[in-house]
Each structure stands twice: as structure tokens, then as C-alpha cells.
Amino acid sequence: MQFYLDGYKPGDPFVAEPHPSLAERPAGLPEEADVVIIGCGPAGLLLAAQLAEFPDIHTVIVDRRDGPLEVGQADGVACRTVEMFEAFGLADQLVHEGYQVNEVTFWRPDPGDRSSIVRTGRINDVEDDLSEMPHMIVNQARMLSYLRDHMRRSATRAEPFHGLHTTDVRVDADGESEHPVAVTMRHVESSEPTGEISTVRARYVVGCDGARSTTRQAIGRRLEGDATNQSWGVLDVLAVTDFPDIRLKSVVHSEQGSILIIPREGGYLVRLYIELDNDRDAEMLRDRSVTPDKLTAVANRILHPYSIDVKHVGWWSVYEVGQRLCDRFDDVGDTETDPRPPRVFLAGDACHTHSAKAGQGMNVSMADAWNLGWKLGTVLRGTARPEVLRTYSAERQEVARELIDFDREFAALFSERPDDDGDADPGRFQRYFREQGRFTAGVAVRYGPSVLTAEPTHQHLAEGFRLGMRFHSAPVVRLADAKPMHLGHAARADGAWRLYAFADRPRPDDPGSRLRELADFLATENSPIARFTPPGADPDSVLDVRAVLQQGHRDVTVADLPPVLLPRKGPFGLVDHEKVFCPDTATDVFELRGLDRQEGALVVVRPDQYVANVLPLDAHRELVDFLGGALVEVGPPAGPSGRD
């Protein structure tokens with residue numbers, strides 16, 4: 001992470017200077033805001049953390065609880081989510097603290113004694129080169145605390161407002177108000193109303209308020225779907241057991257039911273997802289008399305001949321599996337007959353629910369917010385067209401639909417009973433688990449063509465950077481300081497688009513270099529940098545240009561680079577030396593990602609790290625036209641220092 005751009009200051013460089021607008025904002029709940037976020041779960045806090053990177057935008061986040069979540073709920077952190085947290089500078093802490101899932105074991109009934117179980121398989125949890133980030137297990141409460149800490153360190157000094165239960169969300173019918181959405185909230189303490197009512201008017205509202213979402217009801221959306229009549233108990237425990245794979249993620253199918261074992265952070269804690277049988281466990285399900293002791297008894301029944309002795313319960317719950325989905329994730333009707341822009345959005349469990357066993361709930365909820373946050377931020381800042389807000393529902397509703405289809409099949413296979421005749425296909429679930437690894441890692445999402453994602457006309461230039469899919473990072477070496485790093489880690493959660501120029505064969509100072517020709521164009525008044533960067537803003541604030549050369553880092557120097565790759569920034573016009581990279585000697589990014597060495601390629605990446613376009617290096621007009629569909633032409637090019 002870069003700092004000291006505006007001058008050296010002692011102290012923690014990762015704590016931003018407060019934004020000047022904070023002095024003008026009320027200390028308590030305001031009457032007006034740009035964005036109101038309802039709910040402090042994974043979606044709400046990820047969205048709040050993203051909008052904290054836009055300190056000129058006034059964001060308010062409210063929650064009905066008296067304070068932050070302390071224990072329990074989701075724990076699986078997919079590879080893609082760790083990649084997202086890297087953009088906030090939080091991945092190192094997450095990986096250091098959490099349990100890393102490396103392998104998965106599978107257990108089935110012993111063919112010689114079907115009342116007992118035996119291990120039938122063991123596989124890597126994540127396939128090679130799926131992601132540079134691991135699959136982690138971290139308590140949801142800790143994930144949320146990382147995000148709150150990030151908000152406090154940001155220039156907004158953002159803090160949630162607790163003890164506020166939203167009772168109504170209403171959009172002005174005339175649409176003429178600058179703050180057309182009214183959010184009415186009842187003040188509560190320990191879930192009891194105090195009698196006080198507050199209203200905040202906002203430009204946009206995002207309902208991250210769970211499966212019983214008031215926001216969803218207010219805009220007339222419904223969760224449609226079915227329950228599966230399957231109940232599961234969840235236990236976070238400290239226990240002593242003779243089960244040999246207690247520190248490995250383990251899938252257990254026995255004659256007595258199924259268990260998913262998830263080792264937790266710290267080396268001792270473990271989570272048990274325990275299937276409850278509608279016949280054997282019917283009484284406690286019917287009477288709602290489930291207790292941790294009863295769940296432990298079921299676990300011992302399933303794990304026979306092994307046993308588990310629970311010494312301490314950190315958290316427990318019971319849930320019913322169900323898959324439900326909204327038809328849209330905003331307040332707009334049929335987009336062909338309702339031309340108005342969306343003002344209210346839904347994210348997370350407010351618009352899709354599913355089982356916990358695939359580990360997707362928290363991850364997909366945060367991915368919803370990751371998709372929406374930069375769109376809201378850049379539209380409110382005036383650099384992106386309001387039309388981009390319409391893409392949120394279209395993109396994320398399709399992802400949620402695919403997730404629910406997957407979850408329905410995954411849950412059914414997980415609960416499938418071994419065959420009485422000897423279990424004809426014991427490896428079926430294991431094969432399915434391996435085949436769906438990309439989906440559960442969160443890297444299979446692919447957004448379709450839109451104003452934000454082009455048709456794959458030039459995909460052959462960069463086969464490894466698929467249109468509509470997340471930018472798959474690769475090892476590189478930074479030219480200026482010879483630092484080995486991952487290319488994708490250069491991107492921050494700052495709302496900027498990335499233009500990754502993968503060079504053709506000539507050196508960057510060669511007159512025949514297509515990269516040099518592109519750089520010369522980007523320095524002109526007709527370039528997208530000049531057209532879409534507001535006056536006074538740093539030259540990389542909207543379009544961040546980075547280059548990857550084919551030469552080694554000892555074969556080229558900074559003096560060989562064109563000025564656009566050495567942008568001047570901040571009040572002192574300091575040079576940013578961190579825009580250019582070279583191939584790693586062990587893993588060549590051009591080979592790894594199928595890049596055309598002869599032609600090179602320009603890979604355009606959205607602020608949420610999804611590939612928006614792949615273009616030839618000399619497709620200057622095509623680049624401007626594509627970006628013009630999403631960005632606002634705001635003024636002349638920035639001055640030499642990047643600011644007026």
C-alpha cells in the first residue's frame with residue numbers, strides 16, 4: 001500500500017486523515033444521507049467498507065442489534081472472498097488468524113460392518129492455480145470486525161448506528177426530490193421499543209436486513225422457493241475425540257445420517273453441521289427441544305465407532321434448509337416499461353437464501369455488496385453513468401439463481417442415504433465435490449455482456465482473462481523495486497478501473513512498440529484519461545493504467561518508460577513508480593494466462609476486479625467508445641501534478 005503522497009506524518013500510515021466534510025456532519029443520526037445501508041451483516045458491512053473509500057459520500061449504516069455480532073453464524077471464507085479482502089488490505093490478517101482448508105476427507109459406511117464408518121477418499125480442497133488465495137475458516141464475527149476496523153481507519157471514520165429497527169422504506173412517487181427515499185426507524189434497546197422514531201432521507205437505500213427483510217417487503221419483492229424439510233444442528237465446540245480427521249474438513253455419511261466437520265481457527269475449536277433425522281429426531285424437532293447435549297448425542301450416533309466428548313460449546317443453532325430467491329434485487333419493475341433508475345437495492349439474505357453446508361451464504365452476500373458498492377460510489381461521485389446501477393440486479397440475480405440450483409443439488413447429495421445393497425457408487429459425492437470446486441471457491445462467476453462487459457471479440461489475445469470473470473492474478477516482479485508480487489494485488493477497493501497493458505515484444509522505448517503507441521495516445525486530450533478524469537483529480541483516480549512488459553526486470557529501467565506509466569500525483573506532483581511489472585522468472589504471466597506475445601493485449605478490468613474488455617493495444621477508438629458507455633465525460637485532462 002502506498003502512503004505519504006500528501007506529505008510525511010508520524011504515526012500509523014494506514015489510518016487516513018479525516019475528510020474535511022466530517023466537521024459539517026452531525027454527531028448523531030442525520031436527517032439526510034447519500035446512502036443508507038440497513039443491516040450490519042456481511043453484505044451491509046462490506047458495502048459500508050467499500051463506500052468508506054468514498055469519503056465525500058455520506059453513508060449511514062443502521063442495525064437493529066444493540067451492538068456488533070460477537071459469535072457464531074457463517075465461517076467459511078472462499079478463495080474469491082479472500083481476494084476481495086486483499087483489495088482492502090485485510091487478507092494478511094484474515095489468513096494469519098484463520099484455519100486454512102488444505103484437504104478434504106470423505107467417510108462412508110464400512111462395507112464389512114455398515115454400522116461403522118471408514119475413510120473412502122482424500123482430496124485437495126482447492127485445485128492448482130485456482131487462486132493465489134486459500135480457502136479459510138474464520139468466525140463471521142471476526143470477519144465483520146475486520147471490516148469495522150477498516151471503516152474506522154478510513155477518512156470517513158465510519159461507525160454503524162445500532163438499536164435502530166427499520167419499519168418502512170418509501171420512495172417518493174414524483175422522483176423530484178434530491179433525497180427521494182425515506183427510511184423510518186424505531187429505536188430499540190434489548191429488542192424492546194423505546195418509543196422514539198427517526199426518519200432519514202437518502203438518495204439510495206440498500207436493504208441488507210436478512211431473510212425477514214423489511215426493505216424487501218417495502219418495495220414489494222418476495223422470496224420465492226421451497227423448504228426441503230431438512231433440519232440441521234450446528235455446534236461450535238471444544239471437544240476430545242478419537243475421530244482421526246477432526247483437524248481436517250471432513251464429510252461423513254453413515255447409516256445414521258451425515259455430518260460436515262469444519263476445523264476452526266485456533267487449533268482446538270471445531271464446527272459440526274449435524275443432520276437431524278425426521279424420524280429418529282422427530283420429537284425434539286417437533287417440540288423445539290433441541291439442546292447442545294442432544295445434538296452431541298446425534299453426532300456420536302453418526303460417527304460410530306468413533307465418539308466425541310464435548311467440553312465446551314461456543315455457539316449452537318438449528319436451521320432448516322431452504323432455497324428462496326427474489327425475481328429482482330431492486331425497486332424497478334420491468335426495465336423495458338419502467339425507465340426510472342433504481343433507488344432501493346437488496347443484498348444478501350434479503351434477496352436469496354440457501355443452506356449453509358456449501359459455505360456460500362456469507363461469501364455470496366459480500367460479493368453482492370462488492371458488485372454494488374463501487375457502482376453507487378462512482379455514480380454518486382459523478383464519474384459513472386446512473387445506468388450502471390441497473391446492472392446490479394441483472395448480474396447478481398443470475399449468480400444467486402445459479403447458486404440456488406447448485407445448493408439444491410449439493411444439499412440433496414449431502415443428505416443422500418448410502419444404498420442398502422452395498423452402496424453402489426460411494427464416490428459420487430466426492431466426484432461432485434471436486435467438480436464443483438470452482439463454484440464453491442467463488443471463482444466461477446461470469447457476468448454477461450452489458451454496458452460494463454463487452455462481447456469477447458478479441459478474447460484470443462488473452463485467453464486466461466475471460467470476459468465477465470474475475471481478473472485471475474498471476475506472479476510478477478515490480479520493475480521499480482524488483483519486488484515479487486501478485487499482479488492483482490496492485491488493485492485497491494478505490495472505485496478505479498484498471499487498464500492492464502500487456503506489452504508486445506519490443507522494448508517500451510522502441511519506436512515500434514505498440515505499448516509505447518498506446519501510452520502516447522493515453523497522454524493526449526482525446527484519451528479516456530483526459531475525457532473521464534475530473535479536473536483536479538489524480539490521473540489514476542478513474543482509470544489506473546498499468547503495464548506488464550515481456551522483458552525481465554533487470555533488462556529495462558524506469559528511464560525507458562513513457563510518462564503515462566510514471567504519473568505525477570498529489571500536491572507535490574510526486575511520481576508513482578509502481579505502475580509497471582515484468583514476468584516472474586519462475587512463472588511467466590504471458591504463458592500462464594495465454595497472452596499473445598506478438599500482439600500484446602489491453603485487459604480492461606472493472607473496479608470490482610471483473611474483466612470488462614480485452615482489446616488490441618492499438619484499438620484506441622474502441623477503448624474510448626467502450627468506456628464511454630459506463631463513464632461520464634467530465635472535463636479536460638489533469639495538469640502535470642494531477643491536481644489544479
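Student: Leaving aside neighbours within four places in sequence, which residues is Gln140 in contact with?

Tutor: This is a predicted model: local features need pLDDT of at least 70, side-chain atom pairs count only at pLDDT 80 or more, and totals for chains, interfaces and linings use all residues. Residues are numbered from 1 along each chain as its sequence is written, and side-chain values use heavy atoms, with hydrogens and water left out. Contact means heavy atoms within 4.5 Å. With those sequence neighbours set aside, the contacts of Gln140 are Pro42, Leu69, Gly72, Gln73, Ala74 and Met362.

Student: Is Gln140 buried or exposed?

Tutor: Gln140 sits in helix H4 (residues 140-153). Helices (H or I, at least four residues) and strands (E, at least two) are DSSP runs, numbered from the N terminus. Buried means under 20% relative accessible area, exposed over 50%, and partly exposed in between, using a 1.4 Å probe and protein chains only. The relative accessibility of Gln140 is 4%, so Gln140 is buried.

Student: Why is H2 described as largely enclosed by the rest of the structure?

Tutor: Look at the residues of H2 one by one. The buried ones are Cys79, Arg80, Thr81, Val82, Glu83, Met84, Phe85, Glu86 and Ala87. H2 is largely enclosed because its buried residues number nine of the nine.

Student: Which elements do the buried residues of H2 pack against?

Tutor: Start just past the helix, where Gly89 takes a positive phi of about 75°. Then turn to the partners. The buried residues of H2 pack against helix H1 (42-51), strand S3 (76-77), helix H3 (91-97), strand S7 (135-137), H4 and H8.

Student: Which residue meets the side chain of Arg492 in a salt bridge?

Tutor: A salt bridge is a side-chain nitrogen of Lys or Arg within 4 Å of a carboxyl oxygen of Asp or Glu. Here the N to O distance is 3.2 Å, and the partner of Arg492 is Glu86. The pair links distant parts of the chain, 406 residues apart: Arg492 is in the loop between strand S20 (483-486) and strand S21 (497-502), and H2 (residues 79-87) holds Glu86. Arg492 is partly exposed at 22%, while 13% makes for a buried Glu86.

Student: How many residues apart are Arg606 and Glu395?

Tutor: Their side chains meet in a salt bridge of 2.8 Å, N to O. Arg606 is in the loop between strand S26 (601-605) and strand S27 (611-615), Glu395 is in helix H9, and the pair links parts of the chain 211 residues apart. Arg606 and Glu395 are both buried. The separation asked for is 211 residues.

Student: What angle do helix H8 and helix H9 pack at?

Tutor: Two packed helices are described by the angle between their axes and the distance between the axes. Axes are lines fitted to C-alpha atoms, for helices over the stretch in contact, and angles run from 0 to 180 degrees between N-to-C directions. Under 35 degrees counts as roughly parallel, over 145 as roughly antiparallel, 65 to 115 as roughly perpendicular and the rest as oblique. H8 (residues 361-381) and H9 (residues 390-414) are therefore roughly antiparallel, with axes 10 Å apart and an angle of about 170°.

Student: Which H9 residues meet H8?

Tutor: On the H8 side are Val364, Ala367, Asp368, Asn371, Leu372 and Lys375. On the H9 side are Thr391, Tyr392, Glu395, Arg396 and Leu403.

Student: What is the phi of Ser190?

Tutor: Most residues other than glycine have a negative phi, and most peptide bonds are trans. Ser190 lies in the loop between strand S10 (181-189) and strand S11 (192-207), and is exposed at 56%. Ser190 is not a glycine, yet its phi is positive, about 55°.

Student: Where is the cis bond from His304 to Pro305?

Tutor: This peptide bond has omega near 20°. Pro305 lies in the loop between helix H7 (292-303) and strand S16 (308-325).
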